Amino acid sequence: MEATATYIKRKSNGQITIKSGNKVERVIRWTLILLTLLTVVAFMFFNYAGLDLAKAIPETAYNLKTMFLEPGLSHFSWGEAIYQVGITLGLAFLATILGAVIAFFLALMAATNLSNRWVSKTIRVVVAFIRAVPTVLWVLIFAISAGLGSEAAVLGMLFHSIAYLVKAFSEAFEEVDKGILEALRSTGASWWHIVTHAILPSTFTYLLSWTFLRFEINFSVAVAMGAAAGAGGIGFELFMASGFYFDLREVGLITYMILLLAIILEIISTRLKSRYFPATSTN
Amino acid sequence: MSLVKVEKLGKSYNSQTKVLKDISFEVGSGEFVSIIGPSGAGKSTLLRCINRMVEIDEGKVIFDDLDVGSLNKKELRKMRTNIGMIFQHYNLVPRLSVIENVLHGRLGYKTTLQGVFNKFTEAEKEHAFFLLKKLGIEDHAYKRCDQLSGGQQQRVGIARSLIQEPKIVLCDEPIASLDPNASKVIMDYLKSITMELNITCIVNLHQVEIARNYSDRIIGLSKGGIVFDGPSYRLATDNTDEIYGTKTVETRKLVTV
Ligand SMILES: Nc1ncnc2c1ncn2[C@@H]1O[C@H](COP(=O)(O)OP(=O)(O)O)[C@@H](O)[C@H]1O
Ligand SMILES: [Mg+2]
């Protein structure tokens, strides 16, 4: 009786544990507790001097009302606005497409089932490092050599997109049934044959959805870059309207435009996928 | 003359256990050989040593007068075009059509660029249709492979290996995921390959009865060593007991109780 019981792990209250990774869970729990505490503490250290809540709340409400219920343009025309949105879209598009192509090749080298162990490890580490630094910082880093503007923004976004997509793509590649790779290898197929005839057909829809997702992210980043790094586009207009002219109506309108565009992008991506790649919806 | 010659073959995946030890046998052209043995005996590993899907540690494998272990990458690819392989789980690319999957068997004959850009000749495509027709699945040629039944998928697997125009076909438990009817169909096709095309077949099986019915010769594997090698009619209960490490009488008793 005693001997059989030794394999059973129990919690302090006598219940039988069914999870194996105790240490990991403990670390996660403590991290969450710590973060909650830090958030609460941080709020207590804010500078509340001169803040009159009774006045601040109604004023914020009034500002929000002007912003979102009475939107309008005053400093530039509709044509101009649409042109600026086009620039922002262009920035995001450029960074995403270039990023996806480069990431595809790097991901082939990073996937453990397609590459040698050391090459794959090296790429993974480098890419993890790039991802750990926020896009905005990369843009600013590139701004040192390229100057603030759209070049630095595209480079920074490209850099981060590559790192993000390499991880996503290589994980999709690794999911491919290794029997399929074995079958092709056993016919004498070369590495590129396997990539084009087994890996690509099996993962194409995943690659596409990851790229769309990244495009959405890049679009919002491009808006922010317009404001923060002078990359132009609708983000820059938003920055001018809010920080320079204090024109709440214009801020409201631009926000609506961005929102509308995000919805349109979402609709297009869903349509494209279900139309040309029904595989993901049927499986 | 023997087509495959295995000499004192040894293999281990890690330093603790030897998966194969001191395996020697020869297989001639057009022979139908079954390898039987319990799970983990090393059947799959042995099969994969022949086309070097796993590296050979000790001893030698000679295929068609080539020392398999010493080939470089290019020579190995060339040799593999002569060896077809059939798998328990068919290993087709599920999202591609049947015909595309069959044509994958020709990739070994292609340069990288030809293969990448799908340059298959009309003769190859016609050959593919010819094989599909022979295997009775011509009408499914443009279906996606994941829409076929297991037996049909395995026939696509057979077509893919035959279009290689191989000298030998290695089958790793080709019927282990199939029902008895589909199993019979597949085994009949494999048998006819050896009879009509004089292609050698080495088949891993775990159904002793099927091995006995179809093969010319049976090799019994247990714990990485050969414990029986002879014509199938000579395989007796004693031999299967040794291969599977059971006592037939006792298991019968257990079952009746
Ligand atoms: N890739 C591998 N890495 C490590 N051990 C393996 C690998 N493949 C097989 N083995 C081990 O080798 C032994 C024989 O396996 P296998 O050849 O698949 O036997 P069988 O096909 O007869 O069931 C098993 O003990 C298995 O655990
Ligand atoms: Mg096996």
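Which residues touch the most other members of the largest nonpolar core? In this predicted model, they are Phe169(A), Phe173(A) and Leu190(B), in a core of 105 residues. Helix α7 of chain A, spanning residues 150–174, supplies the largest share of this core, with 12 residues. A separate core of 33 residues includes Val19(B), Leu20(B), Ile35(B) and Phe87(B).

Chain A is divided into two parts, with domain 1 covering residues 1–60 and domain 2 covering residues 75–281. Taken over C-alpha atoms, the centres of domain 1 of chain A and domain 2 of chain A are separated by 33 Å.

Two packed helices are described by the angle between their axes and the distance between the axes. In chain A, helix α4 (residues 78–110) packs against helix α5 (residues 117–132) at an angle of about 130 degrees, and their axes lie 7 Å apart. On the α4(A) side, the contact involves Leu106(A), Met109(A) and Ala110(A), which meet Val119(A), Ser120(A), Ile123(A) and Arg124(A) of α5(A). By type, the residues of this contact between α4(A) and α5(A) comprise five nonpolar, one polar and one charged.

Note on methods
Residues numbered from 1 in each chain as written. Chains lettered and ligands numbered in written order. Predicted model: local features only at pLDDT ≥ 70, side-chain atom pairs only at ≥ 80, totals over all residues. Heavy atoms only, no water. Domains from an automatic or database assignment. Core = buried A, V, L, I, M, F, W, Y, C linked by side-chain atoms within 4.5 Å. Buried < 20%, exposed > 50% of the residue type's maximum accessible area, 1.4 Å probe, protein only. Helix = DSSP H or I, 4+ residues; strand = E, 2+ residues; numbered from the N terminus. Axes fitted to C-alpha atoms, helices over the stretch in contact; angles between N-to-C directions. Contact = heavy atoms within 4.5 Å. Nonpolar A, V, L, I, M, F, W, Y, C, P; charged D, E, K, R; others polar.
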